[in-house]
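Open the model in your viewer and keep the selection tool at hand. Each stop below says what to select next and what is there.

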Amino acid sequence: QVQLVESGGGLVQAGGSLRLSCAASGSIRSINTIGWYRQAPGKQRELVAAITTSDSTNYADSVTGRFTISRDNVKKTGYLQMNSLKLEDTAVYYCNADLSLRWGTRNYWGQGTQVTVSS
């Protein structure tokens, strides 16, 4: 079964760090663009960061300079390093990726991982 599995969320104090992982599993040829999104209670899901197959990246203004997105193509895994976390970073974080399969390309979402930043 093809899926994206996230890990690394948790509870952290403001100013702390967390590293999220997004691993693609199943019969996958390659993982293409990877995006990290987040959704806070009562708010719309928003793009946090994205990375292409050529390692081109883009970030939301609110996380620029604090978050770093990266990828390991051999492990078919994406990462989001989050530093200097703020209370407003509290949200469920979702991984999204275009996966190349035997029969074509399909977009997948992970199940989400909770990040809670406390004061």
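Strands here (E, at least two residues) and helices (H or I, at least four) are DSSP runs, numbered from the N terminus. The model is predicted, so local features need pLDDT of at least 70 and side-chain atom pairs count only at pLDDT 80 or more, while totals for chains, interfaces and linings use all residues. Residues are numbered from 1 along each chain as its sequence is written, and side-chain values use heavy atoms, with hydrogens and water left out.

**Two hairpins**

Show E5 and E6 as cartoon. They pair in the antiparallel sense over three bridges. To pair, two strands need at least two bridges found by DSSP. E5 and E6 form a hairpin, with five residues between them. Click on Asp 55 in that turn: its phi is positive, about 70°.

Ile 51 in E5 has Ile 34 standing opposite. Six residues lie between E4 and E5 in their hairpin. Gly 42 sits in the turn, with a positive phi of about 80°.

**The aromatic cluster**

Next, select Tyr 37, Tyr 94 and Trp 109. Ring pairs link these three into a cluster. Rings of Phe, Tyr and Trp (its six-membered ring) pair if their centres lie within 6.5 Å; planes under 30 degrees apart are stacked, over 60 edge-to-face, and the rest tilted. By this rule there are two aromatic pairs. Zoom in on Tyr 94 and Trp 109: the ring centres are 6.4 Å apart and the planes stand at 85°, so the pair is edge-to-face. Tyr 94 is in strand E9 and Trp 109 in strand E10 (residues 104–109), so this pair ties together parts 15 residues apart in sequence.

Trp 109 is partly exposed, at 39%. The cut-offs are under 20% for buried and over 50% for exposed, with partly exposed in between (1.4 Å probe, protein chains only).

Arg 45 lies over the face of Tyr 94, 3.8 Å from the ring centre. The charged end of Arg 45 also sits over the ring of Trp 109, at 4.7 Å from its centre. A charge counts as over a ring if NZ of Lys or CZ of Arg is within 6 Å of the ring centre and within 35 degrees of the ring normal.

**The nonpolar core**

Move on to Leu 4, Phe 67, Leu 80, Met 82, Tyr 93 and Leu 99. Of the 30 residues in the largest nonpolar core, these touch the most other members. Such a core is a set of buried Ala, Val, Leu, Ile, Met, Phe, Trp, Tyr and Cys residues joined through side-chain atoms within 4.5 Å. Elements that give two or more residues to it include strand E3 (18–25), strand E7 (67–72) and strand E11 (113–118). Which element gives the largest share of this core? E9 does, with six residues.

Stay on Leu 99 and list its contacts (heavy atoms within 4.5 Å). Beyond four places in sequence, Leu 99 touches residues including Val 2, Leu 4, Ile 31 and Tyr 108.

Select Thr 77, in strand E8. Thr 77 is buried, with a relative accessible area of 8%. Its side chain reaches the backbone oxygen of Lys 75 at 3.0 Å. Thr 77 is also in contact with Ser 21, Cys 22, Ala 23, Arg 71 and Asp 72, leaving aside neighbours within four places in sequence.

Step across to Ser 21, in strand E3. Ser 21 is buried too, at 18%. Among the residues that Ser 21 touches are Val 5, Trp 36 and Tyr 79.

**Two loop residues**

Go to Val 63, in the loop between strand E6 (57–59) and E7. Val 63 is buried, at 0% relative accessible area.

Finish at Ala 14, in the loop between strand E2 (10–13) and E3. Ala 14 is partly exposed, at 44%. Leaving out residues up to four places away, Ala 14 touches Leu 85, Val 117 and Ser 118. Draw a C-alpha to C-alpha distance from Ala 14 to Glu 88: they are 9.6 Å apart in space and 74 residues apart in sequence.

Conventions: A polar contact is a pair of N or O atoms within 3.5 Å; within protein, one must be able to donate a hydrogen and the other to accept it, and residues adjacent in sequence count only if both atoms are side-chain atoms.
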